[in-house]
Amino acid sequence: MSTARRSAPACRRTPSTTAAPAVLPRRAPLPAGHPDPVLDVVVPVHNEEDDLEPCVRRLHTHLTETFPYAFRITVADNASTDRTPVIAARLAHELPGTDWIRLAAKGRGRALHAAWTRSRAPVLAYLDVDLSTDLAALLPLVAPLISGHSDVAIGTRLARGSRVVRGPKREIISRCYNHLLRGTLAVGFTDAQCGFKAVRRDVAEHLLPLVEDREWFFDTELLVLAERAGLRIHEVPVDWVDDPDSRVDILSTALADLRGMARLARALAGGRLPVTALRRTDGLPPGLVPQLLRFAAVGAASTLFHLLLYTVLRPWTGAQAANALALLAGTLANTAANRRLTFGVRGRGGVLRHHLKGLAAFLVGLALTSGSLALLHRAAPGASPGAELLTLVLAGLAATLLRFLLLRAWVFPGTRSPSRRTTGTPRP
């Protein structure tokens, strides 16, 4: 392969008002006899003259010995000022299936955007040059993408089965960051920062134009958009050893991540990102039918509980107060049941936030049922208890539909189905 320097095209930020892309086609497995490289592994680097060669040679040996398809390794040089470009060019000349590109500006997101945009491989991946993640997880990472099972795959250090060696400072920062993501953007994936990810090219072609960040928040933004679009994210527990020589500026990176979260939250809340257009053409979203059945069962039990409690309280408190108290008690029980049974959320994480949002849904139901009772009593002042119950049932059906939409889109947006996460269970 020629050692001539390859310059990546300039990466322009796409505004968040990008027109909605075409709907993604149905996933399909790649054929066994695929003639071109199936996997393109990008190694983004900036001034890595010491680590680059051992990393690429070790990665090349691993893929040659274990990967059953043709592959490519792409070194993405982020404006290095040391010998990194010279080493990258030499490796591209010596190792079959190795390439390199040169960017004029720094930024890991910028490097991945450029390398993935130019690649024609069906599966795109990247890993950090320090090889903190054990390469044994690489084939499990990309296998679900090759088979057509998933759209995006990430390594996670925060799942049962992961083995992680790092200092308490980085452990605390990582966990705080991922908890903050779950609290602000309601994500369902466990580890946004692990430098070990892969995506199908057809998905990347639709997601990359929507991702604005070109630095460290690039990964998180890509994952949040993928999850909000209902795409399937596969998680792989990894063995990970911290690099003590990491040159990442933790403070500036953390501040940039916070700004990225705020920007992304505003864009999603304002409906400026066309994520719904990225859903697969597989009919109903994954798990929606069994999810609806579970929600209906919980809703039927909650409605019965509401009506029984209303009947008991009605003689003592009056119609409106009885309805409010019965609906409040039913909402608390309904949120807890749907959290576990319908949306598959386990443990105490986020329980207070889920119940507070559930109470907002309670207010919607209260407005519908109380308003219906008020209209009934205005139209028929002497309405019987049976008429009141019938009115509550009809109003409750409308409230139930709105409640399901609120639960799915707002209260539990990152948990589309109890089986959505394919591999890995969050650590307690």
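Trainee: Leaving aside neighbours within four places in sequence, which residues is Trp116 in contact with?
Mentor: The model is predicted: local features need pLDDT of at least 70, side-chain atom pairs count only at pLDDT 80 or more, and totals for chains, interfaces and linings use all residues. Residues are numbered from 1 along each chain as its sequence is written, and side-chain values use heavy atoms, with hydrogens and water left out. Contact means heavy atoms within 4.5 Å. With its neighbours within four places in sequence set aside, Trp116 is in contact with Val42, Leu124, Ala125, Tyr126, Val199, Leu208, Phe218 and Leu222.

Trainee: Which residues touch the most other members of the largest nonpolar core?
Mentor: A nonpolar core is a set of buried Ala, Val, Leu, Ile, Met, Phe, Trp, Tyr and Cys residues joined through side-chain atoms within 4.5 Å. Buried means under 20% relative accessible area, exposed over 50%, and partly exposed in between (1.4 Å probe, protein chains only). The largest core has 45 residues, and those touching the most other members are Trp116, Phe189 and Leu225.

Trainee: Where does the largest share of this core come from?
Mentor: Helices (H or I, at least four residues) and strands (E, at least two) are DSSP runs, numbered from the N terminus. Elements that each supply at least two residues include β3 (98–103), α3 (108–118), α5 (168–184) and α8 (250–269). The largest share, 6 residues, comes from α7.

Trainee: How many residues are in the second, separate core?
Mentor: Leu30, Val41, Ile87 and Leu145 are among its members. The count for this second core is 41 residues.

Trainee: What separates the closest N and O atoms of the salt bridge between Glu205 and Arg201?
Mentor: A salt bridge is a side-chain nitrogen of Lys or Arg within 4 Å of a carboxyl oxygen of Asp or Glu. Being 4 residues apart in helix α6, Glu205 and Arg201 are separated by about one helical turn. Glu205 is partly exposed at 39% relative accessibility, whereas Arg201 is buried at 18%. Their closest N and O atoms lie at 2.9 Å.

Trainee: How many residues apart are Arg263 and Glu221?
Mentor: Their side chains form a salt bridge, 2.8 Å from N to O. This pair links distant parts of the chain, with Arg263 in helix α8 and Glu221 in helix α7, and the separation is 42 residues.

Trainee: Is Glu388 buried or exposed?
Mentor: Glu388 meets Arg314 in a salt bridge of 3.0 Å, N to O. The partners are 74 residues apart, Arg314 in helix α9 (residues 288–317) and Glu388 in helix α12 (residues 385–411). Arg314 is partly exposed at 30% relative accessibility. Glu388 has a relative accessible area of 1%, so it is buried.

Trainee: What is the phi of Ala79?
Mentor: Ala79 lies in the loop between β2 (71–78) and α2 (84–94), and at 16% relative accessibility it is buried. Its phi is positive, in a residue other than glycine, at a value near 55°.

Trainee: Which element gives the most to the nonpolar patch?
Mentor: Patches are made of residues with over 30% relative accessible area and no salt bridge, like charges being joined within 9 Å and nonpolar side chains (Val, Leu, Ile, Met, Phe, Trp, Tyr) within 5 Å. Accessible areas come from the Shrake-Rupley method with a 1.4 Å probe; for residues, only the protein chains shown count as cover. Leu180, Leu251, Leu255 and Leu258 make a nonpolar surface patch of about 360 Å². With 3 residues, the element giving the most is α8.
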